[in-house]
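Trainee: I have a new model to look at, and I would like to learn how to read it one feature at a time. Could we go through it together?

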Amino acid sequence: MVDESDDSIPANITPPIYVTPRVLRNSPLSTKREKQKSTPLFRRPAPKVAKTAPPMRSLHSQFQIRQPRIITPSGATEPLHSPIYNKEKHLTYFEQCFKISSIIGKGSFGEVFAVKSMEDSRNYAIKVSIQVIRQNCASKYREVENHMRLPKHSNLVEFVKAWEEGGRLYIQQELCEKSLLQLCMERHALPEEMIWNILIDLLKAVDHLHMNDMIHDDIKPDNIFLTSKGVCKLGDFGLVINLKNKNDVASAEEGDSKYLAPEVLNGAPSKASDIFSLGVTILEAATDLDIPSNGESWHQIRNGEIPDRFFVGISVELRFIIQWMLSSTPSIRPTTKELLKQNGIRRRIWKRTLYVKSVELAHSIADWSFVITTWLMALFSVVVYPALSAICDRRASICAETVSKQHTPIQTPETSSSRLGFAKTLAASNITPFDYSDEENVSFQRRLFPLIPRFQMDDDEDDEDEDTRNDNELPTSSSNSSTIDSFTTSSPILRESPIRRSLRFRSETPPSARRIRENNHRGSGDYNSQQRRKYERMRRIEACMDSDDNDELINAAAAENIMPQSCPPLLRSCRKLNLQRAPKLNFNLLDNNENTGNDKIEIHHQRPNRNAKATSSNSSSSSVLGQTRTLRSTAARRGALIAEDSSADEF
Ligand SMILES: Nc1ncnc2c1ncn2[C@@H]1O[C@H](COP(=O)(O)OP(=O)(O)OP(=O)(O)O)[C@@H](O)[C@H]1O
Ligand SMILES: [Mg+2]
């Protein structure tokens, strides 16, 4: 019988809002939910512990290891290389190769960050040691070494790598969604089916550790993690003891007192102590019991005096297993093997194993498909890229050829000293040398053919010019000689020997035009010799430029952000440039007038010959003007009159 007289509330004291249930007066144990209700919402935080200056030895080690060094399973370190890491930068490997998503938590050893790796674009958890590592401490890499030595298991948090930089230890591992402690805080007592699954997962993890002669020594909800698929994993290998390593056994530390087996207070941790810690963890998850860290209630749990009310709603099977695991005598406690053979577990284990394996398989399929996709893309680019680049090269050369034909006459020393200069001029005037945007119905195939004469590539307007082209019309100006070349190479009619061509030129060209041309070439008079020098200079430049493969022009255009689309019609470009078009001289009329003795010579303003691309530059206009002046003097000698002004009209 409980004496209630002690518990009576004095009349002068206001009763608290949350009265502790009477049943708890007998037992200091309570659930976390009950404790939460009786705890004030605000509690002054504990004062921060003032840190003293780190020992000089630690500082020295910090300056010793500046570059990141990866830790090997033997405990040695090697330089850490990564295609992303640049040691010249004043940033650590961690800062350069990982993008921090959030800070997950902070433990006694270190701070844990959720990060995204820039090397493989996957998410990881990285634990960074708070303290600078003591270089001469034998167990400085114990956690890493033990984690690395452990064979992989689906119920252990996966280890990726660990490195040391600037005296700090970084441990990269699999990122889990939350810890069991977080889940228990959110949901309090978990459903029994979930408890069975957690127990099975953890038993398998602990069994794997024990099979490898290792003791976890710190099993608690805070060190148990859950993935997004609900798979439970054991993590935090900071206190793991390798029973084969005498140093580990000698330097074994106690785990969290809340989950500590009673025998560890006076002795060393063992596999049985791990079973006890696991038992307390399952008890907490199943009953929402607020596990005490010391005092009477601590002993109460270890003596098996847990009130029945905490087991309400829990099956006898599960209660029996929990109580067996919490046996105060280590020898009575079951092993992992024995527990896995229990009825309640055996019934569920195959289903749970199947689920965990399927999750693992799906995960590895996703991983492999990512790798395969990456490789396929790489292979595709290796195979397709050469073909694509060949097509692009071909197209660029066609464009360059056309541009060269169209723009070579423009390249006079007066207008542009180089092709780069020309490209810059185009860029400044906002004209794309490869712009076909205003050309109608130009098929790609037409442009692809490099030997198609240019007059076939232009619009209707220009075709009209072609129709009106006189077979006798051979460019007569010296400045148009490159045009003659391009015309002769492009026209099958004119692909003939130079002698035959000159004969045909003689027979077909009107005498007056022939004389002008011959005079020009002979260099009669000062003006003509000047013209001839200019012509020769131009020919040299053109020859020079023709020997190029037009790469410079294209590169210059690309440098000016002019994206090649296709070959441009020159006439459009001329129109955009607002260039003048040269008048066309009808020499037949001159000859007729000469024959008939008619004094008046008509100079028809026509659209220029398609090949007379000299119209697009001032220099070429001036050469046409020179031509016209020559004609004028010839005509004057003959007493002819120039009917119209021979200056170039507006195009
Ligand atoms: N792999 C992980 N995925 C997700 N969260 C993690 C992971 N590892 C650690 N955490 C979180 O970081 C917190 C601290 O991690 P951890 O327990 O490893 O640090 P610790 O310094 O060893 O702490 P303690 O010694 O107190 O256990 C944990 O509470 C946990 O919530
Ligand atoms: Mg921990």
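Trainee: Is helix α5 (residues 142-149) enclosed or open, and how many of its residues are buried?

Mentor: Let's begin with the general idea: a residue counts as buried when its relative accessible area is under 20%. In this predicted model, 6 of the 8 residues of α5 pass that test, so the helix is largely enclosed by the rest of the structure.

Trainee: Which residues of α5 are buried?

Mentor: They are Arg142, Glu143, Val144, Glu145, Asn146 and His147. Keep Glu143 in mind, as Glu143 belongs to a network of salt bridges together with Lys127 and Asp236.

Trainee: How do I read a salt bridge, and how many are there in the whole structure?

Mentor: Look for a side-chain nitrogen of Lys or Arg within 4 Å of a carboxyl oxygen of Asp or Glu. A search of the whole structure gives 21 of them. One of these joins Lys178 to Glu186, with 3.0 Å between the closest N and O atoms.

Trainee: Which residue forms a salt bridge with Glu193?

Mentor: The partner of Glu193 is Arg348, and their closest N and O atoms are 3.0 Å apart. Now see where the two sit: Glu193 is in helix α7 (residues 192-211) and Arg348 is in helix α13, so this pair ties together parts that are 155 residues apart in sequence. Glu193 is partly exposed at 46% relative accessibility, whereas Arg348 is buried at 18%.

Trainee: Which side chain does Arg352 meet in a salt bridge?

Mentor: Arg352 meets Asp201, at 2.5 Å from N to O. This pair also links distant parts of the chain, with Arg352 in helix α13 and Asp201 in helix α7, 151 residues apart. Both partners are buried: Arg352 has a relative accessible area of 9%, and Asp201 has 1%.

Trainee: Where are the polar contacts of ligand 1?

Mentor: Several involve its oxygen atoms. A backbone N or O atom of Phe109 lies 2.7 Å from one oxygen atom of the ligand, and a polar backbone atom of Gly110 is 3.0 Å from an oxygen atom of ligand 1. Asp222 uses an N or O atom of its side chain, at 2.8 Å from a ligand oxygen. The protein covers 90% of the 610 Å² of accessible area that ligand 1 has on its own.

Trainee: What should I look for in the backbone angles?

Mentor: Most residues other than glycine have a negative phi. Against that background, look at His188, whose phi is positive at about 55°. His188 lies in the loop between α6 (180-187) and α7, and counts as buried at 7% relative accessibility. Asp217 also has a positive phi, near 70°. Its place is in the loop between β9 and β10, and Asp217 is buried at 7% as well.

Trainee: Last one: which residues form the nonpolar patch on the surface?

Mentor: Trp368, Ile372, Leu376, Leu379, Val382 and Val383 form it, with about 660 Å² of accessible area together. Trp368 is found in helix α13 (residues 343-407), and at 56% relative accessibility Trp368 counts as exposed.

Technical notes. Residues are numbered from 1 along each chain as its sequence is written. Chains are lettered from A and ligands numbered from 1 in the order in which they are written. This is a predicted model: local features need pLDDT of at least 70, side-chain atom pairs count only at pLDDT 80 or more; totals for chains, interfaces and linings use all residues. Side-chain values use heavy atoms; hydrogens and water are left out. Patches are made of residues with over 30% relative accessible area and no salt bridge: like charges are joined within 9 Å, nonpolar side chains (Val, Leu, Ile, Met, Phe, Trp, Tyr) within 5 Å. Accessible areas come from the Shrake-Rupley method with a 1.4 Å probe; for residues, only the protein chains shown count as cover. Helices (H or I, at least four residues) and strands (E, at least two) are DSSP runs, numbered from the N terminus. Buried means under 20% relative accessible area, exposed over 50%, partly exposed in between (1.4 Å probe, protein chains only). A polar contact is a pair of N or O atoms within 3.5 Å; within protein, one must be able to donate a hydrogen and the other to accept it, and residues adjacent in sequence count only if both atoms are side-chain atoms.
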